[in-house]
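Subject: A structure for you to look at

Hi there,

I am passing along the structure we talked about, with some notes on what I found in it. Have a look at it before you read on.

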Amino acid sequence: MKNICVYCGANAGRRAEYTAAAEALAAELVARDIGLVYGGASIGIMGAVADAVLARGGRATGIIPEALAVKEVPHPGLTKMHVVGSMHERKALMADLSDGFIALPGGLGTIEELFEILTWSQLGFHTKPCGLLNVEGYYRHLIAFLDHSVAEELLRPQYRHMLLEADDPAHLLQQMQDYRAPAMDQRLNREQL
């Protein structure tokens with residue numbers, strides 16, 4: 001893996017552990033010579049992960065829409081910054097530049113980006129690994145919801161297992177490196193969705 005896209009909050013959250021996890025993930029990325037692709041902000045968990053990558057001599061690429069450049073305070077010291085016209089362009093470029101995707105704690109934007117990229121995987125648009133860094137159990141209810149969706153037969157087990165999870169960055173990155181996408185049947189029908 002050459003680059004990992006990290007989805008995370010533009011806020012720091014109420015727990016110091018969220019920032020500490022962003023810094024630990026950054027250390028693992030740099031140690032494995034994996035570049036960071038992220039939303040381009042200098043604030044919140046987003047800023048923390050970028051700062052930690054850069055402080056360790058790693059590569060950090062930001063992608064920010066023009067409309068958010070004022071709200072999210074673009075990071076001034078990135079290896080590369082892309083300013084794009086829309087959120088759709090942002091997400092498409094993040095996907096193109098990345099070999100995998102990780103969600104750190106975040107709000108609606110983080111969840112939306114994660115589920116969109118998972119949906120793209122379910123539909124066979126890519127075969128890249130997607131993971132949750134489940135810091136202090138932040139995503140436990142989301143994981144339980146997905147398991148409930150499988151039990152209710154609204155989500156197929158192989159699609160549920162496309163979302164990797166760990167509370168340790170090294171373990172999550174190892175799962176991502178070992179990941180093999182489920183085989184896709186080219187015929188989509190009601191039973192497969």
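Let me begin with a loop: Glu153 is found in the one between helix 5 and helix 6 (157-160). Helices here are DSSP runs of H or I with at least four residues, strands are runs of E with at least two, and both are numbered from the N terminus.

Before going further, please keep in mind that this is a predicted model, in which local features need pLDDT of at least 70 and side-chain atom pairs count only at pLDDT 80 or more, while totals for chains, interfaces and linings use all residues. Residues are numbered from 1 along each chain as its sequence is written, and side-chain values use heavy atoms, with hydrogens and water left out.

**Two residues with positive phi**

Back to Glu153, which has a positive phi of about 60° although it is not a glycine. Most residues other than glycine have a negative phi. Is Glu153 buried or exposed? Glu153 counts as exposed because its relative accessibility is 72%. The cut-offs, computed with a 1.4 Å probe on protein chains only, are under 20% relative accessible area for buried, over 50% for exposed, and anything in between for partly exposed.

Glu136 also has a positive phi, near 50°, and is likewise a residue other than glycine. You will find Glu136 in the loop between strand 6 (130-133) and helix 5 (140-151). With a relative accessibility of 46%, Glu136 counts as partly exposed.

The side chains of His75 and Asp51 are joined by a polar contact of 2.6 Å. A polar contact is a pair of N or O atoms within 3.5 Å; within protein, one must be able to donate a hydrogen and the other to accept it, and residues adjacent in sequence count only if both atoms are side-chain atoms. Leaving aside residues up to four places away in sequence, His75 touches several others, including Tyr38, Ser42, Leu54 and Met81. Contact here means heavy atoms within 4.5 Å.

Asn3 belongs to strand 1 (residues 3-7) and counts as buried, at 15% relative accessibility. Its side chain reaches the backbone oxygen of Leu97 at 3.3 Å. Again not counting residues up to four places away in sequence, Asn3 touches Ile34, Arg59, Leu97 and Asp99, among others.

Lys71 is in the loop between strand 3 and strand 4, and is exposed, with a relative accessible area of 64%. Lys71 and Ala41 are 30 residues apart in sequence, and their C-alpha atoms are 9.0 Å apart in space.

Gly85 lies in the loop between strand 4 (80-84) and helix 3 (87-97) and is partly exposed, at 49% relative accessibility.

**How some helices pack**

Helix 1 (residues 16-31) and helix 7 (residues 169-178) pack at an angle of about 50°, and their axes are 9 Å apart. That makes helix 1 oblique to helix 7. Axes are lines fitted to C-alpha atoms, for helices over the stretch in contact, and angles run from 0 to 180 degrees between N-to-C directions. Angles under 35 degrees count as roughly parallel, over 145 as roughly antiparallel, 65 to 115 as roughly perpendicular, and the rest as oblique. In this contact, Ala21, Ala24, Leu25, Glu28 and Leu29 in helix 1 meet Pro169, Ala170 and Leu173 in helix 7. By class, those residues are seven nonpolar, no polar and one charged. Ala, Val, Leu, Ile, Met, Phe, Trp, Tyr, Cys and Pro count as nonpolar, Asp, Glu, Lys and Arg as charged, and the others, Gly among them, as polar.

Helix 1 also meets helix 2 (residues 44-55), where the axes come within 8 Å and cross at roughly 35°. Tyr18, Thr19, Ala22, Glu23, Ala26 and Val30 of helix 1 make this contact with Ile45, Ala48, Val49, Ala52 and Val53 of helix 2. The residues divide into nine nonpolar, one polar and one charged.
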